[in-house]
Amino acid sequence: MNLRKAELNRKLEILNQLARKHKLSKLFFKKLTKAIEYEYQHSRKEVEELLGDLPPNLSKELLIIIHEKMLKNNAFFSDKSANFVAWVAPRLKTVKVENGEFIYKEGEYAAEMYFLIKGEASVVALKQADCIPFVMISEGYYFGEVDLLFSENKTHLDSVKATEPCEILTLSREDFSEMLFTFEEEAVEICTAARDRQIRSDQKKEEAERKHALHTMKRRSFSNLANSKENLVEKKHKYLVSEETHQRQETPLREKTRSQIMKNRKTMAGNVLNAISKEDEVVEFQKVKSKVRVIERSVEETKLICKRLFEVFSGSEGSSGVSPSESVGSIAKEGEAKNQISRITEERSIQEV
């Protein structure tokens, strides 16, 4: 504990030197200090060292217990396996964000996925000086995965702002990508769910921006005393007509299937699902190949039986005194036995694949 405290003091002293040298603002210096202290309070170095000394099965079990309370109520981990939770948990990093701060802004590099442990935030659209909220993020939910999966230029598609002090866990882009390739079944579910969330979010954003535009138009109209009442009514009528036209033209949610996501290889989601699909095709090919081998063996066995039957009937009774009918019966039994062996071999080949 004393070593950790000494390390904290060392980092704070370095920060003080940087602040004096580069003349950092008091507000920014305070934010950096809080971040360092929060990291100190929530450091998991000792736990990670302990986990490294344990056998893998005990390490996994301990990880699940440690993170169960923190993650069990988060929607992202709902119905996920214990192995999945144990894989993700040690890769999470803790972050604290103050009320009113941006967690990230539209256009910034999308480096992480976020899990909201405490607090509340909102997804907002930035229009000049205005900040338009259109999706609330409550404690126990997650966000940011849509940007990682579907942003072609790897940047955030929207902005997220804390509406009260937040405690957040983050998963890096690299770990998120590795997670998708490690857990293929969960990857398909995550990608398709994220696509649905993106569609709903875009609709809410569009609706919020239209309402904001109407509110702005009314505010400007009432503040401008030079505008006549008739002009105001005319503007409102024009907006309502355009609103009605937009509603008529708005199409229902399109079904976003796995194949549709796979079409865009510029996104992480498209690459992941295409890779998974190729692996599925390889498995299917191996199954077909195994069945073809079984059929080929059956054909060869049939040829052999026909050859022996021809030999029996062309030579009538052989030197051993066995009649053709008895020979045919013997060959038939032999063929039946080989067919049973062939069926068993086919079943085992398919099970192995």
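Predicted model: local features only at pLDDT ≥ 70, side-chain atom pairs only at ≥ 80, totals over all residues.
Begin by selecting lysine 205 and aspartate 158: the two form a salt bridge, and their closest N and O atoms are 2.9 Å apart. This pair connects distant parts of the chain, with lysine 205 in helix H8 and aspartate 158 in the loop between helix H6 (145-150) and S7, 47 residues apart.

## Along helix H8

Stay on the helix and select glutamate 209 together with lysine 127. A salt bridge joins glutamate 209 to lysine 127, with 3.6 Å between the closest N and O atoms. Glutamate 209 belongs to helix H8 (residues 184-223) and lysine 127 to strand S4 (residues 121-127), so this pair ties together parts that are 82 residues apart in sequence. Are these two residues buried or partly exposed? Glutamate 209 has a relative accessibility of 23% and counts as partly exposed. Lysine 127 is also partly exposed, at a relative accessible area of 38%.

## Arginine 20 and glutamate 13

Next, select arginine 20 and glutamate 13. They form a salt bridge in which the closest N and O atoms are 4.0 Å apart. Arginine 20 has a relative accessible area of 57%, so it is classed as exposed, the cut-off for that class being over 50%. Glutamate 13 has 39% and is partly exposed. The pairs visited up to this point are among the six salt bridges counted in the model.

## The sheet

Now switch to a cartoon view and find the strands. Which order do the strands of the open sheet follow? Four strands make up this sheet, in the order S2-S7-S4-S5, and their pairing is antiparallel. Strand S2 (102-104) and strand S5 (130-137) are the edge strands, each pairing on one side only.

S2 runs antiparallel to strand S7 (residues 159-162), and two bridges join them. Which residue in S7 stands opposite tyrosine 104? Select valine 160, which is the residue in S7 opposite tyrosine 104.

To finish, show the sheet and helix H8 together. Strand S4, which sits between S7 and S5 in the sheet order, holds lysine 127, the partner of glutamate 209 in helix H8.

Definitions and conventions:
Residues numbered from 1 in each chain as written. Heavy atoms only, no water. Pairing = 2+ DSSP bridges. Salt bridge = Lys/Arg side-chain N within 4 Å of Asp/Glu carboxyl O. Buried < 20%, exposed > 50% of the residue type's maximum accessible area, 1.4 Å probe, protein only.
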